Amino acid sequence: MTETIDISVEFGKLKLANPVFTASGTCGYADELADFTNINLLGGFITKSITAKPRQGNVPPRVAETDSGMLNAIGLANIGLDAFIQEKLPLIAKLTVPVFVNVAGETIDEYVAVVQRLAAEQAIAGFELNISCPNVAKGGLSFGTDPALVAEITSAAKKAAGDKVLMVKLSPCVTDISVIARAAVEAGADALSLINTFTAMVIDIETRKPVLANKTGGISGPVIKPIAVYLVNKVYNEVAKERGIPILGLGGIRTASDAVEFIIAGASAVAVGTANFVEPNCTVKIIDGIKKYCAGHNITNIKDLTGSLGREIINPPSPPLPAQPSPPPSDSTPSTGSTGTP
Amino acid sequence: MTNESSGPDKGMFDAAVFANKHIKGKFYRLGLEFYGDGAAAFAKARPGQFAELDLAGIPLPPTDAIAEDLRDASERKILLRRPFSFCDVSSRKDKIRVEILYCALGPATLRMTSLSPGKSVSVIGPLGNGFQSPADKKTALLVSGGMGAGPLIHLAKTLAADYPKMGIIAFAGAKSKTELPFERPTDEISQQLGFALHEFARVGVESQLATDDGSAGYEGFVTDCFTKWLGRSSLAVKDTIIYSCGPEVMLARMAKIAEDKKIDCQISMERMMACGFGLCQSCAVKCKVNGSSETIYKLCCKDGPVFDSREVAFEL
């Protein structure tokens, strides 16, 4: 039944098989995750941040758990552009899924240098500009909170990206995310991804010190999902919809229903982050769950779902099967074994 | 320590609980059974490797069964998996049994105590590199602190089976007798023969016990107990290897002892992990580059948890 459902999406100039990405920083360079899931089944893959030079990252402890979230201050630890090209790109080139490289840096020139060097690589479909990392002293969030800097860095990266898709990743740690989104789009961003983590702190009450060596970190996971849904909806309505800019929604997604919420809010696609740590195959389950949701709600094309918040439901959900006693199987009532209970 | 069986080297599997034995105090021993691909993967598990258990959906034990000092922790929800090394891996027909020594210390391990035979738990593993083969060494000295005993019990069994001519001696320490993660010491005669702990004695490995307060065995740190023993021995250092697991301050001391005596030493490190297989980059261990003053971060989950003691740049 789900075979007839079209959940392919147009994302910038790309046509994706489905709307589910892995989120940068939570899926390595692809080889680590490949032991646990079939990456080629995804809509897109986003590498962890790449900087021009290798970065050691922050002093540990780098993570702390909260009741429904995870605090991290990794500090953009990565192998650097040269090693990425030599060691990881050959593996990435074997993937059939569109791959985005998340790009970070301390200066605009560094972002541009990374994008420019990778723009010629066929294995790469696009870039995600990380201007929203809260865990580094230079670059990261300091770019993402100033609309003028956002415009400048987006414009420079767009020129360097050639024909690749340029996506800009937004921080929620701003007064009005739509102002930043507008600056990015007007400077040439092909897509927006939101949200990155919130700056937060966990304190060890025995030592009265922050748990993280960096003192603060970015919080992710289920705790941020409702805020992320709100911000996706806000940016969709205020910036993206009228300009036809696709949004990659992320923040605490771990189930298909989470993903569907983001899509209804206005996301063309979604990215799964922290949940990969707990269940590295969850993206594939989410893809399957989205198909089932569409099938159960008479949605034959997922584009009809994007930004459908508050829109009148033309095709109501399929009526639930009656509770006990189950009807006998017939040509018109396929026997699914379901009791109709959600 | 090799296994020729086919199937995946690691993965995410459902394991069936076959036992969850309360040892004493807050110490427990969980037994997990793997089938199919899970059995194929865990048949290759080496001592020092670990697995990530998803305990978020496991119910808490009844409130009156929760120790007073864990009541506050029991109110906490958990999100991430928890890493555990193995104290035993054995085969049983087409199944593989993995046993985990653990201590109920917080919201996740407290939930773990309520796992009962027949229940299922999601496991990712086996992960990490494990202890390396002793190759041509004639003596292996195993030194543990507290819960570090778990992987060394597994190592003792494996070494005894794979290297029957090798001399293997274990040294286990804890703050006090009540904090030793063992069922009970052996009888007096066995102790006089050098077999202080059942867990090592049953695989024919001698063991010595140390407690900081002297409530059992040697009075003092296990590192001091070990150093005194080493001073009395006439081992050829080139034929000897040390394996160690325990608190970081103890491992730093073991690394110094090994360096001073020029004995090869492998240590199992511990770090907070979010994933356990290299995605999150959270479990950084500062390591020396070719013995120089330059350092780099390696990942405890992928590059470790076992490191050559000369490699780690301790910051204590």
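Me: Where in chain B is B:Arg81 found?

Reply: This is a predicted model. B:Arg81 sits in the loop between helix H2 (71-74) and strand S4 (82-85) of chain B.

Me: Why is B:Arg81 said to have no salt bridge?

Reply: The nearest side chain of opposite charge is B:Asp54, at 4.3 Å. A salt bridge needs nitrogen and carboxyl oxygen within 4 Å.

Me: Which residues of chain A are in contact with B:Arg81?

Reply: A:Phe277 and A:Val278. Contacts in chain B include B:Met12, B:Leu53, B:Ser122 and B:Met273.

Me: Why is the pair B:Arg76 and A:Asp67 called a salt bridge?

Reply: Their side chains meet at 2.6 Å, N to O. The limit is 4 Å, so the pair passes. Across the interface of chain B and chain A, the rule finds three salt bridges.

Me: How much area do chain B and chain A bury between them?

Reply: About 2,600 Å², with 63% of it on carbon and sulfur atoms. In chain B, B:Leu79, B:Leu279 and B:Tyr297 lose the most area to chain A, together 29% of what that side buries.

Me: How many residues are in contact across the two chains?

Reply: 28 residues of chain B touch 32 residues of chain A. Nine residue pairs are in polar contact, both at pLDDT 80 or more. The chain B side has 15 nonpolar, four polar and nine charged residues.

Conventions: Residues numbered from 1 in each chain as written. Chains lettered and ligands numbered in written order. Predicted model: local features only at pLDDT ≥ 70, side-chain atom pairs only at ≥ 80, totals over all residues. Heavy atoms only, no water. Helix = DSSP H or I, 4+ residues; strand = E, 2+ residues; numbered from the N terminus. Buried < 20%, exposed > 50% of the residue type's maximum accessible area, 1.4 Å probe, protein only. Lys, Arg positive; Asp, Glu negative; His and termini not counted. Contact = heavy atoms within 4.5 Å. Buried area = accessible area lost by both parts, 1.4 Å probe. Polar contact = N/O pair within 3.5 Å; in protein donor to acceptor, adjacent residues only side chain to side chain. Nonpolar A, V, L, I, M, F, W, Y, C, P; charged D, E, K, R; others polar. Lists of a residue's contacts leave out its neighbours within four places in sequence.
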